[in-house]
Each structure stands twice: as C-alpha cells, then as structure tokens.
Amino acid sequence: MSTPKAKAPQTMKPATAAKKLGILLSAAPAEFQEGVVSREELNALQADPPSWLADLRREGPHPRQVVAAKLRVSVSGLARADIRGPLTTADIEALKAEKPDWLAREQTIQTRVRQEELRLKQQRAKA
C-alpha cells in the first residue's frame, strides 16, 4: 500500500488574488505583487485585512470593475466615457457630485439591463 500524499496548498498568482480582493495589483505592496498567494492567505486577507489592504479598498486607486460598481455603471459604460484607467475614491465621489451627462445615461442603461435580467430570471423560474 502506498501512503497518501499530502495535498499541496492551492496557490494563485498575485493578479488573481488582487482581482478577488477587488484591488489594483500595481498599488499593492511589492511583497504581495512578487509572491504567490495561497487559498489560506487569501481567506486570511479577506477575513482580517491588513492596513494596506483596508486603505486600498477605502481610498483606491480602484480597478475598473470596482469603479464601475461604485458608479453603478458597466465596465463597457466606462469605456464609452473614455475612462480607461483606475480611479481613486475621491475621483469617483467627484464624478458622482458632478453627475456628467454620460454618467446619468450609463446609470440608466445599467438599471434597464438589471431590470431585464431580473425579468428573465423570474420568467425562467416560472417555467
């Protein structure tokens, strides 16, 4: 009989971990960017974020998907508005206060898309 092998810990690239944490990899500390992240380390970061992670989540710069969520628009909507790079929380709050025409238009589009997705989901549930 062979002895069972110990399972190797599941690891991921820093870019994957950053995406799961909702942060911009280039804004993370060098030791995070250069190493690999185990599933246990990721869970620990999510459960009890260190100060650098809490600061990044609070102040940014934020990746596009986080910017889009905070503005209540799609990533495609950001691209249509020619917003390609990361934004800080201050930038996002300034856009919300300014409420440019493109932002109102994209928020309306996103609301309609979500309503249609909900309608289709409810329709499938009835079938």
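A polar contact, for this talk, is a pair of N or O atoms within 3.5 Å, where one must be able to donate a hydrogen and the other to accept it. The model I am showing is predicted.

Let me begin with one such contact. The side chains of His-62 and Thr-89 are joined by a polar contact of 2.7 Å. His-62 lies in the loop between helix 4, residues 51-59, and helix 5, residues 64-71. Is His-62 buried or exposed? Its relative accessibility is 1%, so His-62 counts as buried, the cut-off for buried being under 20%. Leaving out residues up to four places away in sequence, His-62 touches several residues, among them Leu-56, Val-67, Pro-86 and Ile-92.

Pro-61 is also found in the loop between helix 4 and helix 5. The peptide bond joining Gly-60 and Pro-61 is cis, with omega about 5°.

Next, two loop residues with positive phi. Arg-72 is not a glycine, yet its phi is about 60°. Arg-72 sits in the loop between helix 5 and helix 6 and is partly exposed, at 49% relative accessibility. Lys-99 has phi near 45°. Lys-99 is placed in the loop between helix 7 and helix 8, and with a relative accessible area of 40% it is partly exposed.

Last, a helix pair. The axes of helix 1, residues 14-21, and helix 3, residues 39-47, come within 11 Å and cross at roughly 30°. Helix 1 is therefore roughly parallel to helix 3, since angles under 35 degrees count as such. The residues in contact include Ala-17 and Leu-21 of helix 1, and Leu-42 and Leu-45 of helix 3. By class, this contact has four nonpolar, one polar and two charged residues.

Note on methods. Residues numbered from 1 in each chain as written. Predicted model: local features only at pLDDT ≥ 70, side-chain atom pairs only at ≥ 80, totals over all residues. Heavy atoms only, no water. Axes fitted to C-alpha atoms, helices over the stretch in contact; angles between N-to-C directions. Helix = DSSP H or I, 4+ residues; strand = E, 2+ residues; numbered from the N terminus. Parallel < 35°, antiparallel > 145°, perpendicular 65-115°, else oblique. Contact = heavy atoms within 4.5 Å. Nonpolar A, V, L, I, M, F, W, Y, C, P; charged D, E, K, R; others polar. Buried < 20%, exposed > 50% of the residue type's maximum accessible area, 1.4 Å probe, protein only.
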